[in-house]
Amino acid sequence: MHKLAIFYTFIIISLSANAQPVPAIDENIPHLVTFGKDGESAWGDNDYCQVIFYSVPQDHTEPIFIRVYDPDTGGEIDEQKGEWDTRMKYSIYGGKNACSAKDAKNINLSGNYKSGTLLGTKSFTAHPKYDQKWYTFGPINPTEGEFLPDEYGGYVFKIIIEGISGDDGNLYNLSLSNKPTENQPVEGAFAFYYKYKFRLHDNANEISHIYPFIDENVQSVKQSNFDWDNDGIIRIISVAKNGEFMKISGDDNWANSLHQVHPSEKNKSYDIQMIKKKGADIKNNNVVIYLKNQYDELIEFYSVPIGGIPKYKYSIGMKPKTIHN
Ligand SMILES: [Ca+2]
Ligand SMILES: [Ca+2]
Ligand SMILES: [Ca+2]
Ligand SMILES: [Ca+2]
């Protein structure tokens, strides 16, 4: 019942269009990033693959479309290294085990993470036809997703984006839509993800966000981030945390820190804010982040903060504490 109760709250707030694009509007992140498999990790991608899930409400009966902005790796937006020689493959999975298989949520891409039924796939190199344009997968029948009504309120689809050759950086955006030619939100649908790779803004005045959900079983959060290039700070805002710092990585390395969960933070979202370093002029900064709970399980980020964007309450606040290890 606990998860269902969350989703009643969630569906109410996600009626807006904000939940459909990835990166989401509330996240204020310009693009997702995936490099070709021969890319250098120092450019900001540790494993050349990204996995994003979408959930479509069980009462939605019309076909859906999954759309990709700038699916090519070339021309504008993307990050060139030598010649444009990168091939990027996008695959959509549904059916049994697409989401529920243990390996589907494994950050190390081990085992059968391509679980479920392959519903569509296409690969792209550099091509003006797809540069700064949308490519549309579908129509897809919502019931082709994996039916997980208790956990996610409906049918779940998995999108795997892999850099199968080359060394350039692919920047792109995803959106779920009711229409093949424009982004028209599917009411009540939302995206979620466990390990997130993206590009920070070049403008140091922009603040990006991610919104993990802290369920009632989470007692502590261990965050890991990669190749942040010491670009400013990452901090947590919640009902009990007024900007608790997360340890930040440098060039081509990981950093992690452990954060205790206060009882008042359970069944709410964290607002993890990424604030760039002023005056440092760090451009093209690609980064990776994920969170785990005390059981070493990944914590979900949602495209819309469940329960709304949290605000610090002075009556609850704990003394800020960061444990580095
Ligand atoms: Ca290249
Ligand atoms: Ca492009
Ligand atoms: Ca691209
Ligand atoms: Ca970086």
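## Close-up views of the predicted model

**Figure 1. The largest nonpolar core.** In this predicted model, the largest nonpolar core has 76 residues, and those touching the most other members are Phe 53, Ile 66, Phe 157, Ile 159 and Tyr 193. The core lies between domain 1 (2–199) and domain 2 (207–324), because both domains give residues to it. Tyr 193 is in contact with Val 51, Ile 52, Phe 53 and Phe 301, leaving aside residues up to four places away in sequence. In soluble globular proteins, nonpolar side chains tend to be buried together.

**Figure 2. The contact between the two domains.** The domain assignment divides the chain into domain 1 (2–199) and domain 2 (207–324). Taken over C-alpha atoms, the centres of domain 1 and domain 2 are separated by 22 Å. In domain 1, 35 residues are in contact with 27 residues of domain 2. On the side of domain 1 that touches domain 2, two or more residues come from each of helix H1 (2–13), strand E11 (190–193) and strand E12 (195–199). The residues on this side of domain 1 comprise 18 nonpolar, 9 polar and 8 charged.

Figure 3. Strand E3 (49–57) is mostly covered, with 9 of its 9 residues buried. Cys 49, Val 51, Phe 53, Ser 55 and Pro 57 point one way from E3, whereas Gln 50, Ile 52, Tyr 54 and Val 56 point the other way; all of these are buried. E3 runs antiparallel to strand E9 (residues 154–165), to which 9 bridges join it. Within this pairing, Phe 157 of E9 is the bridge partner of Tyr 54. E3 is also joined to E11 by 3 bridges, again in the antiparallel sense. Here Ser 55 stands opposite Phe 190 of E11.

**Figure 4. The open sheet of strands E13, E20, E16 and E17.** An open sheet is formed by 4 strands in the order E13-E20-E16-E17, with antiparallel pairing. Strand E13 (207–210) and strand E17 (242–246) are the edge strands, each pairing on one side only. From one strand to the next, the twist averages 30 degrees. Within the sheet, E16 and strand E20 (residues 271–275) pair over 5 bridges in the antiparallel sense. Met 274 in E20 is the bridge partner of Ile 234.

**Figure 5. Two residues with positive phi.** Most residues other than glycine have a negative phi, and most peptide bonds are trans. Tyr 48, although not a glycine, has a positive phi of about 60 degrees. Tyr 48 lies in the loop between E2 and strand E3 (49–57), and it is buried, with 24 other C-beta atoms within 10 Å. Asp 227 likewise has a positive phi, near 60 degrees, and is a residue other than glycine. The loop between strand E15 (220–226) and strand E16 (233–237) holds Asp 227. Asp 227 counts as buried because 23 other C-beta atoms lie within 10 Å, where the cut-off is 20 or more.

**Figure 6. Two cis peptide bonds.** Val 22 and Pro 23 are joined by a cis peptide bond, with omega about 0 degrees. Pro 23 is placed in the loop between strand E1 (21–22) and strand E2 (31–35). A cis peptide bond also joins Gly 138 and Pro 139, where omega is about 10 degrees. Pro 139 is found within strand E7 (residues 134–140).

Notes:
Residues are numbered from 1 along each chain as its sequence is written. Chains are lettered from A and ligands numbered from 1 in the order in which they are written. This is a predicted model: local features need pLDDT of at least 70, side-chain atom pairs count only at pLDDT 80 or more; totals for chains, interfaces and linings use all residues. A residue is buried if 20 or more other C-beta atoms lie within 10 Å of its own, exposed if 12 or fewer, and partly exposed in between; C-beta atoms are placed from the backbone. Two strands pair if DSSP finds at least two bridges between them. Axes are lines fitted to C-alpha atoms, for helices over the stretch in contact, and angles run from 0 to 180 degrees between N-to-C directions. A nonpolar core is a set of buried Ala, Val, Leu, Ile, Met, Phe, Trp, Tyr and Cys residues joined through C-beta atoms within 7 Å. Domain bounds come from an automatic or database domain assignment. Two residues are in contact if their C-beta atoms, placed from the backbone, lie within 7 Å. Ala, Val, Leu, Ile, Met, Phe, Trp, Tyr, Cys and Pro count as nonpolar, Asp, Glu, Lys and Arg as charged, and the others, Gly among them, as polar.
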